[in-house]
Amino acid sequence: MRSRMGVLAAAGLGLCLTSCTQVTKTLKAANLGGDVNQVVAASEKMQSCDKLKVAPAIQEEYALGSALAIHWAQRGGGLLLSNAAEQGLNTYVNTVGRNLAMQSPRPELGWTFGVLKDAQHFNALSAPAGYVFVTRGLLQGVENEAQLAGVLAHEIAHVVLKHALNQYVSVKVSTCQGAAAAGVVSAAASTVVRASHLDGYLDLDSDTVLMGKMVDGTVDLISKGNSRDAELAADALAVELMLSAGYDPREYSRLLGQTSGGGGLMENHPSKKDRQEQIKDLLDARREATDPLARLDEASLQRPALPAAFAIVGPGKKPTGVAKDAK
């Protein structure tokens, strides 16, 4: 398996929206000759692209995740790790994050948490295979450990729910369809088409050009934001992770309420009001649970103070936006 800090490259991808099945049926019925037979062959290749609509192998997830992690780290100005104080902060964030990740349905991932140097943006990002980052600017906006736990739990949830992996699968399929429709135009696209005829697996580690195209396409989709349902699903799982770890989810809700600019940086994000109402509804349901093991015990919920190591992030400031996810 590749190193968890892999190679990042970038390239553009196209999208084919043609209905392959309908094209094939129509052209075969017409029986218009050799040129049409070539088009039919291309259409059949496009249909084979649907075989790529499967969950990537774990090796593929780690390769993609490590490349995306480098991308986020570079965009965030690098990691806050240059001295003992910064390393202490990083250790603290990893301790909180890994405790939450162990409560998740994917505790076996090599979970890695980091603080980005970016002090200008209130932001959190994640990548497949268990990479989660928060910006220095975000840390300046949290008031206690429970609020930090809420942000980390939300990003962990995106990884567990495979939101970024689903976007990556879309990139694989669209790349395959575009290549099949145009006649394979590059070595990387050819590799994707060949994979559609086999098991769908892409060995990203051995092909940096292919890696670049897949990463660039995935980043492009991520930049458009997750759907409303995906964001609410991540919040719902975050609440469960927080409760399992003993944190008060109301602190996460309070952090959301303190942000400005609506529900997030993306238009399709739910509003902060919708997110807060969902958290309240989830907690109300736990209070009314008939199963004593599922019933909410509010007295046990914790809001720990931030440690002394947190002082290095600088003075606190009001958040100016909800974390832009990259899951």
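In which loop is Lys162 found? Select Lys162 to begin: the residue sits in the loop between α6 (145–160) and α7, where helices (H or I, at least four residues) and strands (E, at least two) are DSSP runs numbered from the N terminus. Its phi is positive, about 60°, although Lys162 is not a glycine. Most residues other than glycine have a negative phi. Lys162 counts as partly exposed at 31% relative accessibility, given that buried means under 20% relative accessible area, exposed over 50%, and partly exposed in between, with a 1.4 Å probe and protein chains only.

Before moving on, keep in mind that this is a predicted model, in which local features need pLDDT of at least 70 and side-chain atom pairs count only at pLDDT 80 or more, whereas totals for chains, interfaces and linings use all residues. Residues are numbered from 1 along each chain as its sequence is written, and side-chain values use heavy atoms, with hydrogens and water left out.

**The whole protein**

Of the 327 residues in the protein, 51% are buried. Contact means heavy atoms within 4.5 Å; among contacts between residues at least 6 apart in sequence, 75% join residues at least 24 apart.

**The disulfide**

Next select Cys49 and Cys176, which are joined by a disulfide with an S to S distance of 2.1 Å, the criterion being a pair of cysteine sulfur atoms within 2.5 Å. A search of the whole structure finds one disulfide. The link of Cys49 and Cys176 is left-handed, with -75° about the S-S bond. This pair links distant parts of the chain, since Cys49 lies in the loop between α2 (34–48) and α3 while Cys176 lies in helix α7 (residues 163–182), 127 residues apart. Cys49 is buried, with a relative accessible area of 0%, and Cys176 is likewise buried, with a relative accessible area of 0%.

**Where α3 meets α9**

Now show helix α3 (residues 58–75) together with helix α9 (residues 208–222), whose axes come within 10 Å and cross at roughly 65°. The axes are lines fitted to C-alpha atoms, for helices over the stretch in contact, and the angles run from 0 to 180 degrees between N-to-C directions. The crossing of α3 past α9 is right-handed, meaning that the near helix is turned clockwise from the far one by less than a right angle. On the α3 side the contact is made by Ala63, Leu64, Ala67, Leu68, His71, Trp72 and Arg75, and on the α9 side by Met211, Val215, Thr218, Val219 and Ile222. An α-helix has 3.6 residues a turn, so residues three or four places apart point the same way.

Select helix α4 (residues 84–101), whose 18 residues should span 26 Å at 1.5 Å a residue, and whose end C-alpha atoms are 25 Å apart, which agrees; the expected span is 1.5 Å times one less than the number of residues. The buried residues of α4 include Glu86, Asn90, Tyr92 and Asn94, and what covers the buried residues of this helix includes β1, α5, α6 and α10.

Gly246 follows α10, with a positive phi near 90°.

**Around Gly137**

Which helix holds Gly137? Gly137 is found in helix α5 (residues 136–139), and at 4% relative accessibility Gly137 counts as buried. The C-alpha atoms of Gly137 and His121 are separated by 5.2 Å, although these residues are 16 residues apart along the chain. Phe122 and Gly137 are 5.0 Å apart in space, C-alpha to C-alpha, and 15 residues apart in sequence. Phe122 has its place in the loop between β1 (112–116) and β2 (124–127), and Phe122 is buried, with a relative accessible area of 8%.

**Last stops**

Move to Ala129, in the loop between β2 and β3 (131–135), which has a positive phi of about 75° although it is not a glycine. Ala129 counts as buried, at 0% relative accessibility.

Finish at Gln147 in helix α6, which counts as buried at 0% relative accessibility. Not counting residues up to four places away in sequence, Gln147 touches Gly141, Val142, Glu251, Arg254 and Leu255.
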